[in-house]
Amino acid sequence: MSTEATSAAIGDKIRCDACPVMCYIKPGAAGACDRYANHDGQLVRVDPHIVLERTVEHGGRLVPFQSGGDWDGKLVHQPDVFVTAIGAGTTYPDYKPAPFIVSSEIDGVDMVTVVTEGIFSYCGVKVKIDTDRYLGPETATVRAQGEAVGHVTTSEYGSQMLSLGGVHHLTGGSKKEGRVTCDTLMDLSNCKPVELAIDGGATVVVQAGKAPIVNGIAEERMRVGCGSATIGMFAKQWHGKVDEVVVVDDHITGVLSEHQAGKLLDIADTGIKMKGRRSTPGRYFQVADPGTGWGGTNISDPLSILGPFNAREARPGLTMLMVSTTGEHSSYYELDEALRPVEREMPPDLKFSVERIQENCEPALCTVLFMGGAGGSLRAGVTDNPVRLTRSVKDALTRVTSGGAPVYVWPGGGITFMVDVTQMPAGAFGYVPTPALVAPIEFTMRLSDYAALGGYMDYVKPLASIRENAEIRPMPLVPGRRA
Amino acid sequence: MKRLPQISFLPDGKRLHLQDGPIDLIVEAKASANEVRAAYEAAARRFTGLLDELCEEIVELRQAADPVRTPLKGVVARRMHAAAAPFAATCFITPMAAVAGSVAEEILGAMTAAARLDRAYVNNGGDIALHLAGGEQFRVGLIDRPDREGLMRTMVIGADDPVRGIATSGRHGRSFSLGIADAVTVLAKTASQADAAATIIANAVDLPGHAAIVRLPANEIQPDSDLGARLVTREVGALSESEVELALEAGADCARFCVASGLIEGAALRLHGKTIVVEPRGAGNQPLHENRLEDLVHA
């Protein structure tokens, strides 16, 4: 029978009538069963299967499952219902109900989804923070609540990458380190904000799908390009309106008059003298130290990266625009009689070009990819010959999803996957005190393929039977998640 | 219409899974196929409506138990009270402290009444009722970390042992604890007795007033908790080795008293990676004897 739980509100508490215990449940808390909870005044089912159904009658928006892609449409192309592993229970004996194995007939082809929740001691998150600001040196320790939870890894284009979690921090350190790491991973994976402090660097608040907050200041935009690229993109727009442009960038500062783009427009030499190390004409490395000032450098006065102008080419009245790679910082100067730059009000058409840089910068976001490996015991819950499941995944006969969201399965041994946490339903991640994360994982395949890889055919349930025993509800749209 | 519990087999095809509201049972019986089927049918029959039965007296079940009298009527409710009563004179305890063990006992009782079983167990979220006929035994594993393979220790319970109930209580479980124990596992003659005693001993593993322990009134978390405004443990911070020992020793004192009173057959108390085992004096043939103690401590 279906459990059509309803609730009555008493103050901020709600009363659940899913069973005769009739728990009063406070906001953010669960009832005695740990299955029903009060989420912002709404009774939600947190433990058992969450079945997604595409029914507009519910009036809710759904997390898309497998939209697009080249997957064989005969198997699971836009099914009406997809069973997620959230609340399926883990495969560890006698702790919780064992996983469900669901079969569904779609377009006459029997499909099997093995639904389980994996306990991942070997897991972590990769965080991409869109910012030019200096967050800290590569390999520096990243801390939450004072505990080491990961490290700074590479800088990518306009972004700083962090690698958090992993077995070393989860189980290799002190008990507190493990617990804090587990909390950090779970909060990040559930799209909650987490404050991270980087040794020798900045403090940053990270929340998947939201702008990073670096040292208390919300980042707005991602750089349009490096300083050199910015010169290349805007050289034509500056031509004839200003004599010199310097795009300040911690990585590659660009100088219009020396840059190839300027040369092509016959822009005259200006006698500018840059600090730092010249890479190629008009491109300079290390004009300052990294920091949270202009273009990811530590400077607040852009003139500090210039030497004296060369009197042979420079002339009084020469005009110069200095701008950062996001357009967030900009100043306009004219050389005085002594060839010293003096700040002046920026002409409107140069202001317009700075705004154009800003407009071309995408919103800065934090993105969080959960990464975990499906280990032996988890695979054993799916088939009596676990390695065949791995091979089946590699051969693309079996599709892996996490909470219904598409995953990237890393090539090589085992089933190591990554998933964008913003594509997963709210509250998809849990934990066990060991500490380890509990994440949903589903394997979907043809029924005949399931039999071939040694599946537990006797326990395959038709989808209809799950729908009778589980609550079917549309996934609520949580702000920041895609729908 | 009667609300039906969920009744199904686990994927191994041997164990029965029964779930209704907060009750979650794993059941397994060993006997001939016909006897097992009869036992499982009896379990499912008895389970249906059991939660409703308990909920009829839920208000009374959540009150502090009287050491002698009870107005409770239901057979499971009265068993819960009987298990809690020996502690009621000295501690705060409600019959709810023994709900899991008492339900497990009830289902096991229905099974053994309906069929001849070699052995059987009903595991209610870690509170377990056992049935053992002559010559049979159970190997019971204690796990430190459920995500890893390997047991911390295996105990053997034979038909000759008086133990027929095992229960575990601590601050990580679904119900609240007044103490700080990670886990207290108790062996007793019945599951209901083990359940009540595990609750009381886990409460006694404590460091009152310690700054690293975060406590909250139970009813601020669950408004209708039987513990009312009593402070329950939410978090335990760093403790020194001697503090861990002090807390465990406080719980062990309580456990020794329970053993001496004949309420339990033994207990293993665990906090921050350390374990103390309490068992009857000279208990060479008990499930938790001396060399196992060492294994536990060094695990």
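Reader: Let's start with a strand pair in chain A. Which residue is the bridge partner of Ile129(A) in β13(A)?

Author: It's Gln160(A). Keep in mind that this is a predicted model. The general idea first: strands of a sheet pair through backbone hydrogen bonds, either parallel or antiparallel. Here, β10 (residues 123–130) and β13 (residues 159–165) of chain A pair in the antiparallel sense, over seven bridges.

Reader: Where do β10 and β13 sit in the order of their sheet?

Author: Read the order along the sheet: β17-β16-β15-β14-β11-β12-β13-β10-β25-β29-β28 in chain A. That's eleven strands in an open sheet with antiparallel pairing. At the edges stand β17 (217–218) and β28 (408–409) of chain A; each has a single partner strand, so one side of each has no neighbour in the sheet.

Reader: Which helix lies across β10 and β13 of chain A?

Author: Helix α3 (residues 175–189) of chain A. It also lies across β11, β12, β14, β15 and β25 of chain A, and runs at about 50° to β12(A).

Reader: What is the pairing in the sheet of seven strands in chain A?

Author: Mixed, and the sheet is again listed as open, in the order β20-β21-β19-β18-β22-β23-β24. The edge strands are β20 (277–280) and β24 (341–344) of chain A, each pairing on one side only. From one strand to the next, the twist averages 30°.

Reader: How many bridges does the pair β18(A) and β19(A) have?

Author: Two, with β18 (residues 244–248) and β19 (residues 253–255) of chain A running antiparallel. To find your place in that pair, look for Val247(A), which stands opposite Gly254(A). Helix α4 (residues 227–238) of chain A lies across β18, β19 and β21 of chain A, at about 150° to β18(A).

Reader: On to chain B. How many helices and strands does it have?

Author: Nine helices and 13 strands. Chain B has 299 residues, of which 51% count as buried. Look at contacts in chain B with a separation of 6 or more: residues 24 or more positions apart account for 57% of them.

Reader: How do I read a hairpin, say the one formed by β1(B) and β2(B)? How many residues lie between the strands?

Author: Six, and among them look at Gly13(B), which takes a positive phi near 75°. Four bridges join β1 (residues 6–9) to β2 (residues 16–20) of chain B, and the strands run antiparallel. Ser8(B) has His17(B) as its bridge partner. β2(B) is mostly covered, with four of its five residues buried.

Reader: And which strand pairs with β2(B) over five bridges?

Author: β3 (residues 23–30) of chain B, also in the antiparallel sense. Gln19(B) is partnered with Asp24(B) there. This hairpin has two residues between the strands, and Gly21(B) takes a positive phi near 50°.

Reader: Why is β5(B) said to be largely enclosed?

Author: Because six of the six residues of β5 (residues 127–132) of chain B are buried. Asp127(B), Ala129(B) and His131(B) point one way, while Ile128(B), Leu130(B) and Leu132(B) point the other way, and all are buried. On to its partners: β4 (residues 119–124) of chain B pairs with β5(B) over six antiparallel bridges, and Asn123(B) stands opposite Ile128(B). Two bridges join β5(B) to β8 (residues 165–169) of chain B, again antiparallel, with Ile128(B) opposite Ile166(B).

Reader: What about helices? At what angle do α6(B) and α8(B) pack?

Author: The general idea is that an α-helix has 3.6 residues a turn, so residues three or four places apart point the same way. Helices α6 (residues 191–204) and α8 (residues 241–260) of chain B pack at about 150°, with their axes 7 Å apart. That makes α6(B) roughly antiparallel to α8(B). The contact uses Ala197(B), Ile200(B), Ile201(B) and Ala204(B) of α6(B), and Ala250(B), Gly251(B), Cys254(B), Ala255(B) and Cys258(B) of α8(B). Sorted by type, that gives eight nonpolar, one polar and no charged residues.

Reader: What covers the buried residues of α8(B)?

Author: The cover includes β9, α6, β12 and β13 of chain B. Among the buried residues of α8(B) are Ala247(B), Leu248(B) and Val259(B). Just after α8(B), Gly262(B) takes a positive phi of about 75°.

Notes: Residues are numbered from 1 along each chain as its sequence is written. Chains are lettered from A and ligands numbered from 1 in the order in which they are written. This is a predicted model: local features need pLDDT of at least 70, side-chain atom pairs count only at pLDDT 80 or more; totals for chains, interfaces and linings use all residues. A residue is buried if 20 or more other C-beta atoms lie within 10 Å of its own, exposed if 12 or fewer, and partly exposed in between; C-beta atoms are placed from the backbone. Two residues are in contact if their C-beta atoms, placed from the backbone, lie within 7 Å. Axes are lines fitted to C-alpha atoms, for helices over the stretch in contact, and angles run from 0 to 180 degrees between N-to-C directions. Angles under 35 degrees count as roughly parallel, over 145 as roughly antiparallel, 65 to 115 as roughly perpendicular and the rest as oblique. Ala, Val, Leu, Ile, Met, Phe, Trp, Tyr, Cys and Pro count as nonpolar, Asp, Glu, Lys and Arg as charged, and the others, Gly among them, as polar. Two strands pair if DSSP finds at least two bridges between them.
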